[in-house]
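Please read this report with the sequence and the structure side by side, and find each named part in both as you go.

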Amino acid sequence: MVSKCGLVSVVWALFVLTIFNNPTIVYAGEGVPDVAIFAFGDSSYDAGNAAFVNNNKGGPQFTWPYGKSRDDPNGKFSDGHIVTDFIGDFISIPDGIPPALNPGANLSRGASFAVADASILGAPGEYMTLIDQVNKFGSMKLSWSDKYIEKSLFMIYIGMEDYLNFSKTNPSANDPSAQQAFVVTVTNKLKSDIEALYSFGARKFMVQLLAPLGCLPIVRQEHGTGNDCYQPLNDLAKQHNDKIGPMLNQFATNYKGFQFTVFDFYNAIIRRTQRNRNYRFYVANSSCCGVGTHNAYGCGMGNVHSKLCEYQRSYLYFDGRHNTEKAQEEFAHLAYGANTNVVQPMTIRELIVYPPGQNMLDVWVPNLLSSIRRRPSTYYSHQPDSHIGFSAY
Ligand SMILES: *[C@@H]1O[C@H](CO)[C@@H](O)[C@H](O)[C@H]1NC(C)=O
Ligand SMILES: *[C@@H]1O[C@H](CO)[C@@H](O)[C@H](O)[C@H]1NC(C)=O
Ligand SMILES: *[C@@H]1O[C@H](CO)[C@@H](O)[C@H](O)[C@H]1NC(C)=O
């Protein structure tokens, strides 16, 4: 059995290697309609908006080594591109998804409204909570025709700040009933924010589930968990995530033309954390840039002498909270074209080509598979023009 497992992981590693090293696999834009991408959320989807909020001068993400892989620190929390840019690339949006708050941005193929530190519930004085971002979109929506908005993709990734803050500031953060109550508060607000976006004409939604927040290098560092993830935060993220699919199913039933898919980012990270070498991430428990036990604090901050790894592409995390460009590219591939264990009820590609105005035939179902798949799975798509013929997730 042992040698069989060994063989299986070798085969698996070969699959992963083949898929993510072969640039010819992406058939950018093939057969995909000309649509825009609108992104909402926090630092993970921020394309540089932070510089335009409250005369903020920006933040560390505008400073080297952010953008290192592209020689261009441009306000993204990555050594290069972020997930939204790669998805844009797949549908022939040339230069990434621009920050909506930049008055000079070309918004013809969409924009990111996401801002670093944004939360769902909002702190006193916080300027760009999710509902603020949605309302900003509402105030700008005449820039696009209703028909164009209807067929465009709306990507949402938010909630990290809410749960990190809850875990840090609430004395009963580890009490199950306090957790449940908080998750209900957060997800109910998220629900009404998505409804607001729908009321502005958005119809195609991709919601990215929360990462296992307890595995973030900054969280491991602050809680001193060493090589382990901090479980209470993973539990919170899981409880939050469990509510997303059912919520969206309900929208798809109740609201005309509401279409969606859910990207299981949580388990994509868990797999890369637990079997990082199979995915060719040689370091998954600490970050490339920063200081501290997990190299997780202060990347890009002028007053911090942060360390920088030699080869960022072998790291899962670039800084204490965000993934490397290499990892983000993988996530974009997964969301755009992987199978139903990762993104369901359909891929982003399928969501984009799904006829607008119709209600979906498929529903999201709870994923019954364990987070760890024991053997490589090959999935030959029935669609001849599919994005990738088989997927490694
Ligand atoms: C904006 O981008 C679109 C395509 O992405 C391009 O066709 C158009 O010329 C651009 N507009 C300006 C003013 O640069
Ligand atoms: C963080 O939690 C504190 C106490 O619960 C609250 O007052 C504050 O508004 C929260 N901040 C954010 C960003 O959620
Ligand atoms: C991360 O994992 C490596 C083994 O892959 C281990 O040697 C190292 O101590 C771990 N780092 C931390 C901070 O626990």
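## A covered helix

In helix H9, the buried residues are Phe265, Tyr266, Asn267, Ala268, Ile269, Arg272 and Thr273. The structure examined here is a predicted model, and in it helix H9, which runs over residues 265-274, is mostly covered, since 7 of its 10 residues are buried.

Phe137 belongs to helix H3, which spans residues 130-140. Is Phe137 buried or exposed? Phe137 has 23 other C-beta atoms within 10 Å, and because a residue with 20 or more such atoms counts as buried, Phe137 is a buried residue.

When residues up to four places away in sequence are left out, Phe137 touches Phe38, Phe113 and Phe200. A further pair shows how positions separated along the chain can be compared in space: Phe137 and Leu197 are 60 residues apart in sequence, whereas their C-alpha atoms are 8.3 Å apart.

## How H3 packs against H6

Helix H3 packs with helix H6, which covers residues 176-199, at an angle of about 0 degrees, and the axes of the two helices are 10 Å apart. Because an angle under 35 degrees counts as roughly parallel, H3 is described as roughly parallel to H6.

On the H3 side, Leu130, Ile131 and Val134 take part in the contact, and they meet Asp193, Ala196 and Leu197 of H6. Sorted by class, this contact of H3 with H6 holds 5 nonpolar residues, no polar residues and 1 charged residue.

## The surroundings of the ligands

Ligand 1 has Pro94, Asn106, Ser108 and Arg109 around it, and this shell consists of 1 nonpolar, 2 polar and 1 charged residues. Around ligand 2 are Ser119, Leu121, Ala123, Pro124, Glu161, Asp162, Asn165, Thr169 and Asn170, a shell that by class has 3 nonpolar, 4 polar and 2 charged residues.

Which residues surround ligand 3? They are Gly226, Asn227, Asn285, Ser286, Thr293 and His294, and when the shell around ligand 3 is divided by class, there are 6 polar residues, with no nonpolar and no charged ones.

How values were computed:
Residues are numbered from 1 along each chain as its sequence is written. Chains are lettered from A and ligands numbered from 1 in the order in which they are written. This is a predicted model: local features need pLDDT of at least 70, side-chain atom pairs count only at pLDDT 80 or more; totals for chains, interfaces and linings use all residues. A residue is near a molecule or strand if its C-beta atom, placed from the backbone, lies within 6 Å of it. Ala, Val, Leu, Ile, Met, Phe, Trp, Tyr, Cys and Pro count as nonpolar, Asp, Glu, Lys and Arg as charged, and the others, Gly among them, as polar. Helices (H or I, at least four residues) and strands (E, at least two) are DSSP runs, numbered from the N terminus. A residue is buried if 20 or more other C-beta atoms lie within 10 Å of its own, exposed if 12 or fewer, and partly exposed in between; C-beta atoms are placed from the backbone. Two residues are in contact if their C-beta atoms, placed from the backbone, lie within 7 Å. Axes are lines fitted to C-alpha atoms, for helices over the stretch in contact, and angles run from 0 to 180 degrees between N-to-C directions. Angles under 35 degrees count as roughly parallel, over 145 as roughly antiparallel, 65 to 115 as roughly perpendicular and the rest as oblique.
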